[in-house]
Amino acid sequence: MNVSNSKNSASWISKCRKIIFEGQQSKSILDGICRILTDDGPFTLASYSELSHENGKVMPVSIFPSDRPFPEASGFVLSSSPESPAAVAWSQSRTFVVSQISTDMNFHEWQSAAVMHGYESIVTLPVSSAPHPRGILILYSQSSEPVTREIIVALDELATLLGRTLAFLAEKTIQKNEIEALAKQEEMYHSVFENTGTGTIIIDYDMTILHANAKLLEMTGYTREEVENNMKWSQFIAPQDNERMQKYHFGRRKKESGIPTEYECRIIDRSGRLRYIDMKVGMIPGSLQSIASFNDITKKVLAEEQLKESESRLSAIIEAFDGLIYISDPNYNILFMNKTVRERAGIGAANAPCYKIIHGLDQPCGWCGQTRVLTGGTVRREIKSPLDDKWFSFTRTPVRQIDGKVERIQTILIDITERKLAEEALAKKADVLSDENRRLRSSIKERYKFGEIIGKSPAMQSVYELILKAATSNAHVIIQGESGTGKELVARAIHHMSDRKGQRFVPVNCGAISENIIESEFFGYKKGAFTGANRDKPGYLDIADGGTLFLDEIGEIGLGMQVKLLRAIEGGGYTPVGDNMVKHPNLRIVAATNRNLKDLVKQGEMRQDFFYRVHVIPIHLPSLRERKEDLPLLIEHFISRFEGSQNPPHITGNILETFMRYPWPGNVRELENVIKRYATIGNLDFFQSLLSEPEAQLLTKQSAIPEIPKGLHLEEAMAFAEKEIIRQTLEGCRWHKGKASEILGIHRKTLFTKMRKLGIK
């Protein structure tokens, strides 16, 4: 049966429910469910097993089809080291799923048997059914499609319903025996009835209470004379629940499906107090009467509501907190994280080491003071994260258990980068400029990231140094480079490292502004200045006053506007349209272009004085083809945006080599779009023409490569993928190394070297 049948899960789940609701015997219900799960459901083999007291193993009770191989046919032994998914589900009382048996490395003997029989996946669900013996559903599938969350949710609901039904049948048998015993010996009946420990009543067809025990009378506050044969049990029920309870009462007697035997409701006692009740109801065999027990859970419900309210408030505070909050165990593994941590680390951060997720380190941080916190102390420091060079106020406190033992550690990090940068800015002003420049140049050496700019190549190191020099100055800057090289990122970096970082950064796309409105856009206008000017509107120069004005594609500004802008930035000021007051802005111009401004000056399209005014500090951004050594870093950066997705992109060594050969006319922007498209639809056909036929065939086969383990760096992931490609190619050539090297497009000697390096034998 194909797992794609999950789309019709409602059909087979409905059939299973019908068998459960209509079945009278546990064995017939279990046999029927196993049959439906294989005939109509998405599974190849279904079994229900229980613990055998004869041999101490969990043995099959029902199995369908009975002639199909079943790895647990001889049962499994309960131990502290479970040897199969079913044993894990049993010992840990939780649903356990193995989506790809062939790649699971946890249960070697069981895996060999399952793979030999052709099974691809397994779902195991514990069935709690006391007083009926505890059981477990074991479901195998030979389909390669993954088991969907929809199927798991449906199966969990089915397991819960099955457990309750088995429990009900067991209780029904017990109740039947008790009622028969009570009929034979009335005195014993009254003794049991009065001492059940819960409020109990026997209800007639018309809801009249025939008998009520002392606990029920105590719970409601009425006397026996007032209750028995005088009151209907619906009179106790809160108005909000009455209609539902009556529907259950009469539906139970009509044997309608879907009527629960155990549920919660609310009653109102004689004093008008509302009580929360856990109610169990069962029909008395051979009659239209039923017996119901009421367990007062008011204290429990109110306590849970208070706890939920308290947790909700605390959760809201933690989630709204701008800083990073997480809880880890003594082994540094993250157990809880707030929204800020999730945004920083991704959804795959749970149970991963905090030093790796938060700071990108391969070993515990030197500042964390783990030993001190585990012995009850608190650590407070200001630290700089090596992951993104941000400063944090760092506080670690112990989380004690009831016995006083420290088993959890809470860490709070508050971003103080802005404060630290301000302190550094003050320090810069106090130091000699030459010493400061040397320190800054030293600090960026070998950096792979500068703000949002990625690159470690010498060309980018030169750009970083120019950014730092520009940031310490208030002079205008011109950024030149091809489209897609990241000119706006450089402009923002200059702004955020300058004294103007606390003011606005205003980006303007000069090429997108119509010539007839460009003056009002830059200088603003007064109400009534022209038709449609219904209010005062500030211009870009107003908005950027005190900050930085980023003029993207400055070469598109016309000569007339150049004159007015030149006057404004030289100190002559400007006048909004419709106004007579001259304004003098305090702003810095950072311009960008992909055109040759000197050629524009020669062609008369740009004024020479305007050119020299904006061309004070030039920064040239190299194209991506000029710094291809940065490709792996950029690829890793863009791939990290897809961490936690169901189909994360895999960049093999063969693909990376092709990336290195491609000229990237669209630069970094094109690379980002390619990675995004590859992650979304798995398509890299934009450069298929660059591949040889063997390379194209090999690239087509990448979907067969096993999923790269999570948590690997790009270099490790590429090594893993390269090993799998070489191994699969060798197997396809029956280990003929000459043919394999030809298909891979590498020299035979290179193939031997890679085989030794990657451990392929």
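Reader: What volume does the largest cavity have?

Author: About 60 Å³. Keep in mind that this is a predicted model.

Reader: How many cavities of 30 Å³ or more are there?

Author: The count comes to two.

Reader: Which residues line the largest cavity?

Author: The lining holds Tyr326, Tyr332, Cys354, Tyr355, His359, Cys365, Trp367, Cys368, Phe394 and Arg396. Eight of these residues are nonpolar, one is polar and one is charged.

Reader: Which elements each supply at least two of the lining residues?

Author: Helix 12, residues 354–359, and strand 15, residues 391–400. Helix 12 gives the largest share, with three residues.

Reader: And glutamine 370, where is that?

Author: Glutamine 370 is in helix 13, which covers residues 370–374.

Reader: Is glutamine 370 buried or exposed?

Author: Buried, because its relative accessibility is 8% and the cut-off for buried is under 20%.

Reader: What does glutamine 370 touch?

Author: Leaving out residues up to four places away in sequence, glutamine 370 touches Asp329, Pro330, Tyr332, Arg396 and Ile409.

Reader: Let's zoom out. How many helices and strands are in the protein chain?

Author: There are 29 helices and 23 strands. The chain has 761 residues, and buried residues make up 43% of them.

Reader: Now helix 4. Which of its residues are buried?

Author: Trp110, Gln111 and Ala114 are buried in helix 4, which runs over residues 108–116. They cover an arc of only 100° around the axis, so they sit on the same side of helix 4.

Reader: Which residues are exposed on the other side?

Author: Glu109 and Met116.

Reader: What covers the buried residues of helix 4?

Author: The cover includes helix 3 (85–92), strand 5 (121–127) and strand 6 (135–141).

Reader: What happens just after helix 4?

Author: Glycine 118 takes a positive phi there, of about 85°.

Reader: Which residues other than glycine have a positive phi?

Author: Lysine 255 is one of them, with phi near 60°. Glutamate 553 is another, with phi near 55°.

Reader: Where do they sit?

Author: Both are in loops. Lysine 255 lies between helix 9 (239–253) and strand 9 (262–268). Glutamate 553 lies between strand 21 (548–552) and helix 20 (559–569).

Reader: Lysine 255, buried or exposed?

Author: Exposed, because its relative accessible area is 75% and exposed means over 50%.

Reader: And glutamate 553, buried or exposed?

Author: Buried, with a relative accessible area of 16%. Glutamate 553 is also in contact with threonine 593.

Reader: Where is threonine 593?

Author: Threonine 593 is in strand 22, residues 588–593. At 0% relative accessibility, threonine 593 counts as buried.

Reader: What else is threonine 593 in contact with?

Author: Leaving aside neighbours within four places in sequence, its contacts include Ile478, Ile479, Gln480, Gly481, Lys487, Ile554 and Gly555.

Reader: What lies 3.0 Å from a polar atom of its side chain?

Author: The backbone nitrogen of arginine 595.

Reader: What is arginine 492 in contact with?

Author: Phe505 and Pro507, leaving aside neighbours within four places in sequence. There is also threonine 548, 56 residues away along the chain. Its C-alpha and that of arginine 492 are separated by 8.9 Å.

Reader: Back to the start of the chain. Where is lysine 15?

Author: In helix 1, residues 9–22. Lysine 15 counts as partly exposed, at 38% relative accessibility. Beyond neighbours within four places in sequence, lysine 15 is in contact with Ile36 and Asp40.

Reader: How far is lysine 15 from glycine 32?

Author: They are 17 residues apart in sequence and 9.3 Å apart in space, C-alpha to C-alpha.

Reader: Last one. Which residues does a cis peptide bond join?

Author: Phenylalanine 64 and proline 65, with omega about -10°. Proline 65 is in the loop between strand 2 (57–64) and strand 3 (76–77).

Conventions. Residues are numbered from 1 along each chain as its sequence is written. This is a predicted model: local features need pLDDT of at least 70, side-chain atom pairs count only at pLDDT 80 or more; totals for chains, interfaces and linings use all residues. Side-chain values use heavy atoms; hydrogens and water are left out. On a 1 Å grid over the protein atoms alone, a cavity is a set of points where a 1.4 Å probe fits but cannot get out, and a pocket is an open set with protein on both sides within 12 Å along at least five of seven lines; lining residues have an atom within 4 Å of a point. Grid points are joined across faces, edges and corners, and a volume is the space filled by probe spheres set on the points. Helices (H or I, at least four residues) and strands (E, at least two) are DSSP runs, numbered from the N terminus. Ala, Val, Leu, Ile, Met, Phe, Trp, Tyr, Cys and Pro count as nonpolar, Asp, Glu, Lys and Arg as charged, and the others, Gly among them, as polar. Buried means under 20% relative accessible area, exposed over 50%, partly exposed in between (1.4 Å probe, protein chains only). A polar contact is a pair of N or O atoms within 3.5 Å; within protein, one must be able to donate a hydrogen and the other to accept it, and residues adjacent in sequence count only if both atoms are side-chain atoms. Contact means heavy atoms within 4.5 Å. The arc is that of the directions from the helix axis to the C-beta atoms.
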